[in-house]
Amino acid sequence: MGHGQSQSHAHDGHPGAAADPGGPRVALRIAVDLERCCGSGMCALTAPGVFDQRDSDGRVVLLEQFASKNMEDSVKLASENCPCAAISFGDVVLREQGEGRE
Ligand code: SF4
């Protein structure tokens with residue numbers, strides 16, 4: 001099965017955040033809450049390049065802090081499928097490399 005309905009979890013929109021060559025890049029930032037994680041491993045199955053599990057207790061290990069464009073759908077799916085709601089994500093604007101933090 002698996003009807004590929006794309007539920008858009010559009011929260012508040014970010015006007016002007018469209019892909020703009022030369023402008024700031026928008027990426028999906030991923031966060032996990034180890035307090036909530038119950039070690040089901042769904043995330044590592046859904047997006048193995050982004051999530052792994054600790055050997056000790058099976059809790060999630062975040063391999064990538066930012067999802068590349070082709071991984072965004074997998075990350076969102078992993079978040080939806082996480083039985084403990086331990087995965088969150090949100091758009092961030094990446095500044096040019098070298099500009100550093102504020
Ligand atoms: S799917 Fe959720 S509960 Fe399961 S290992 Fe990943 S973060 Fe933890």
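**View 1. The lining of the largest cavity.** By class, this lining comprises 10 nonpolar, three polar and no charged residues, where Ala, Val, Leu, Ile, Met, Phe, Trp, Tyr, Cys and Pro count as nonpolar, Asp, Glu, Lys and Arg as charged, and the others, Gly among them, as polar. The model is a predicted one, in which local features need pLDDT of at least 70 and side-chain atom pairs count only at pLDDT 80 or more, whereas totals for chains, interfaces and linings use all residues. Residues are numbered from 1 along each chain as its sequence is written, and side-chain values use heavy atoms, with hydrogens and water left out. The largest cavity holds about 80 Å³ of space, and of the 13 residues that line it, Cys-37, Ser-40, Gly-41, Cys-43 and Cys-82 are the closest to its centre. A cavity is here a set of points, on a 1 Å grid over the protein atoms alone, where a 1.4 Å probe fits but cannot get out, and lining residues have an atom within 4 Å of a point; the volume is the space filled by probe spheres set on the points, which are joined across faces, edges and corners.

**View 2. The largest nonpolar core.** This core has 15 residues, and those with the most contacts inside it are Ile-30, Cys-43, Val-50, Phe-51, Val-75 and Ile-87. Strand E1 (25-32) and helix H2 (72-81) are the elements that give two or more residues to it. A nonpolar core is a set of buried Ala, Val, Leu, Ile, Met, Phe, Trp, Tyr and Cys residues joined through side-chain atoms within 4.5 Å, and helices (H or I, at least four residues) and strands (E, at least two) are DSSP runs numbered from the N terminus.

**View 3. Ala-78 in helix H2.** Ala-78 lies in helix H2 and is buried, because its relative accessible area is 1% and buried means under 20% (1.4 Å probe, protein chains only). Leaving out residues up to four places away in sequence, Ala-78 touches Cys-43, Thr-46, Phe-51 and Ile-87, a contact being heavy atoms within 4.5 Å.

**View 4. Ser-79 and Ile-87.** Ser-79, also in helix H2, counts as buried because its relative accessibility is 15%. A polar atom of the Ser-79 side chain lies 2.9 Å from the backbone oxygen of Ile-87. Neighbours within four places in sequence aside, Ile-87 is in contact with Ile-30, Ala-31, Val-32, Cys-43, Phe-51, Ala-78, Ser-79 and Cys-82.

Key
Buried means under 20% relative accessible area, exposed over 50%, partly exposed in between (1.4 Å probe, protein chains only). On a 1 Å grid over the protein atoms alone, a cavity is a set of points where a 1.4 Å probe fits but cannot get out, and a pocket is an open set with protein on both sides within 12 Å along at least five of seven lines; lining residues have an atom within 4 Å of a point. A polar contact is a pair of N or O atoms within 3.5 Å; within protein, one must be able to donate a hydrogen and the other to accept it, and residues adjacent in sequence count only if both atoms are side-chain atoms.
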